[in-house]
Amino acid sequence: VGVNNGPPTIGVTSIVPNRMTAGSTIGVTVTGTGFMPGATLRFANGSGRTPVVNSVSVASSTTIHASVSVSRRGAKGVRVWDVVVKNPDGRTASLVGGFTVVK
């Protein structure tokens, strides 16, 4: 007898580094669970210029690597963003307030 509990749970536990300066580009590593090939990474629910994600690579079901850049334009201050991963099957997970941009 087999039991199908559906797809594994997706979750985001960290992003390293979790802080950057506006006007720069950095490499980040996102860790969590249930990541699938083709997953996307984005930032949501912040203010100011949205960090731009490039070169997303799903290394395993627990690790994503990407390049993140933020324009130097905009007002000075500290901006906090949610880190959002979306699998190709539509399941999403967020790390609320997980990433900070400083200008």
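## A look at the core and its strands

Start in the middle: the largest nonpolar core has 24 residues, and Val 85 and Phe 99 touch the most other members. (A nonpolar core is a set of buried Ala, Val, Leu, Ile, Met, Phe, Trp, Tyr and Cys residues joined through side-chain atoms within 4.5 Å; buried means under 20% relative accessible area with a 1.4 Å probe, protein chains only.) S8 gives the largest share of this core, four residues. Strands here are DSSP runs of E, at least two residues long, numbered from the N terminus.

Bear in mind that this is a predicted model, where local features need pLDDT of at least 70, side-chain atom pairs count only at pLDDT 80 or more, and totals for chains, interfaces and linings use all residues. Residues are numbered from 1 along each chain as its sequence is written, and side-chain values use heavy atoms, with hydrogens and water left out.

Leaving aside neighbours within four places in sequence, Val 85 is in contact (heavy atoms within 4.5 Å) with residues including Val 12, Val 30 and Ile 64. Those names come back in the strands. Val 12 has Gly 32 in S3 as its bridge partner, while Val 30 stands opposite Ile 64 in S6.

Two strands pair if DSSP finds at least two bridges between them. Here are some pairs:

| Strands | Sense | Bridges |
|---|---|---|
| S1 and S3 | antiparallel | five bridges |
| S3 and S6 | antiparallel | seven bridges |
| S7 and S8 | antiparallel | eight bridges |

There's also an open sheet of four strands, in the order S2-S8-S7-S4, with mixed pairing. S2 and S4 stand at its edges with a single partner strand each, so one side of each is left without a neighbour in the sheet.

Conventions
Buried < 20%, exposed > 50% of the residue type's maximum accessible area, 1.4 Å probe, protein only.
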